[in-house]
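Have the sequence and the model open side by side. The text below moves through helix packing and then turns to the ligand.

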Amino acid sequence: MDYKVKDINLAEQGRKKIEWAESRMPVLMYLREKYSKTKPLKGFKIAGCLHVTKETAVLVETLRAAGAEVAWSGCNPLSTQDDIAAALAKNGVSIYAWHGMNVEEFYWAIEKTLELNPNLTLDDGADLIFTIHNKHPEKAENVIGGTEETTTGVHRLRAMAKAGKLLYPVFAVNDAETKWDFDNVYGTGQSTIDGIIRATNVLIAGKTVVVAGYGHCGKGVAMRAKGLGANVIVTEVKPTAALKATLEGFRVMPMDEAAKLGDIFVTATGVKDIIVKRHFEVMKDGAIVCNTGHYDCEINIPDLESLAVDKKEIRPNNEKYTLKDGRNIFLLAKGRLVNLAAAEGHPSEVMDMSFANQFLAMIRLTKEGKNLEKTVHLLPEEQDQEIAGIKLETMGFKIDKLTPEQIEYINDYAQGT
Ligand code: 3DD
């Protein structure tokens, strides 16, 4: 059994965290119970490239319980939790992941998972799919289809499909309502603040928090910062998103103005160069800067380096850059996603639904993949309602049901006032 992790002796500690996550992921555990009997993924080989957290471990072990053979790598050099990787390795998973990988090791790990010759791929950020397409296109012939977890990855794959370059169909798990409206908003909202607090322990109350990007993720971060008493400024390029931010009571202005006011900056745009040299030049002494987008391109670190006369890590995931005029700027998690690099990512309860979508999408691909067009597909709305229904039930909630007369009314366009 092949694997490469930081320290296999961390397995017992990791297992305890996985058991905690299992206790708070009732939808995925229900699906594991249901499909471990029929094993619909038996005979299928899944290569996964997704943050190695306790929640991902529950997904991996649910895929295996349903019969799949699995090989796994992390999808960010700083997001792997080493005790979780050890627990998965100890339990027989071919996993290649450790915290603090360099870029070469990151892609070596992806290559190792491809030795499985997968017929299904599971991605978060599309690095696995891109490695297949750019370096091993012959392996795409074995692949029935794949899934993509995050907004950035879906954007990349849609562009690829539009260019006619996608070699197999992909389900946009990110775009499922039970993922996008929950993980991206409530998960990112809490886990980003969690990462900031773990790396700084600053008081959020009373601070001016600048959130760049008011998509689902930025909306969650702004909401939770406000909840902790921050004064929130939102920066945007999309008029409708900016308008929504103003109606939620947030101040809206260009980054050139916000840069002078912010105490804490969070980028959540998916776009590069959101905070650049001219912004650092006007920031307050002691400003804290971090990113919660998938890639580390949103904060221009070479610009910050060019202004600094000294840099040192003052506590884990927190580097103090001293500028020529004596001001200090604190960069968290080296500009990589602060929620996973400086904390544990989103709570289990919200990843439960994201990963229920991943699991069901894998089964759907085994049945439908061969007939799907080689483009990016949405998961069916019914799947959202099925997942949300199970979630509500596990939370002890009951809801109303339409009567036949109400269904008839909805479908009868002729009935007026
Ligand atoms: N992501 C956030 N928290 C995570 C966790 N606890 N486990 C695995 C992945 C986790 C990333 C997700 O938000 C993913 O849906 C994304 O990147 O959009």
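Contact here means heavy atoms within 4.5 Å. Helices are DSSP runs of H or I with at least four residues, numbered from the N terminus. The model is predicted, so local features need pLDDT of at least 70 and side-chain atom pairs count only at pLDDT 80 or more, while totals for chains, interfaces and linings use all residues. Residues are numbered from 1 along each chain as its sequence is written, and side-chain values use heavy atoms, with hydrogens and water left out.

Start with α16 (residues 348-368) and α17 (residues 381-394). On the α16 side, the contact holds Glu349, Asp352, Met353, Ala356, Asn357, Leu360, Ala361 and Arg364. From α17 come Gln383, Asp384, Glu386, Ile387 and Lys391. By class, this contact has 5 nonpolar, 2 polar and 6 charged residues. (Ala, Val, Leu, Ile, Met, Phe, Trp, Tyr, Cys and Pro count as nonpolar; Asp, Glu, Lys and Arg as charged; the others, Gly among them, as polar.) The two helices pack at about 135°, with axes 10 Å apart. That makes α16 oblique to α17. Axes are lines fitted to C-alpha atoms, for helices over the stretch in contact, and angles run from 0 to 180 degrees between N-to-C directions. Under 35 degrees counts as roughly parallel, over 145 as roughly antiparallel, 65 to 115 as roughly perpendicular, and the rest as oblique.

Helix α16 also packs against α2 (residues 26-38). Here the angle is about 30° and the axes are 8 Å apart. The pair is therefore roughly parallel. Pro26, Val27, Leu28, Leu31 and Tyr35 of α2 meet Asp352, Phe355, Ala356, Phe359, Leu360 and Ile363 of α16. This contact has 10 nonpolar, no polar and 1 charged residues.

Now move to α9 (residues 183-200) and α10 (residues 216-227). Their axes are 7 Å apart, at an angle of about 55°. They are therefore oblique to each other. Their contact divides into 7 nonpolar, 7 polar and 2 charged residues. Among those residues are Tyr186 and Ile193 in α9, and Met223 and Arg224 in α10.

Which residues come nearest to the ligand? Of the 16 around it, they are Thr53, Glu149, Thr150, Lys179 and His346. A polar side-chain atom of Glu149 lies 2.6 Å from a ligand oxygen. For the side chain of Thr150, the distance is 2.7 Å. For that of Asp124, the distance is 3.3 Å.

Conventions:
A residue is near a molecule or strand if one of its heavy atoms lies within 4 Å of it. A polar contact is a pair of N or O atoms within 3.5 Å; within protein, one must be able to donate a hydrogen and the other to accept it, and residues adjacent in sequence count only if both atoms are side-chain atoms.
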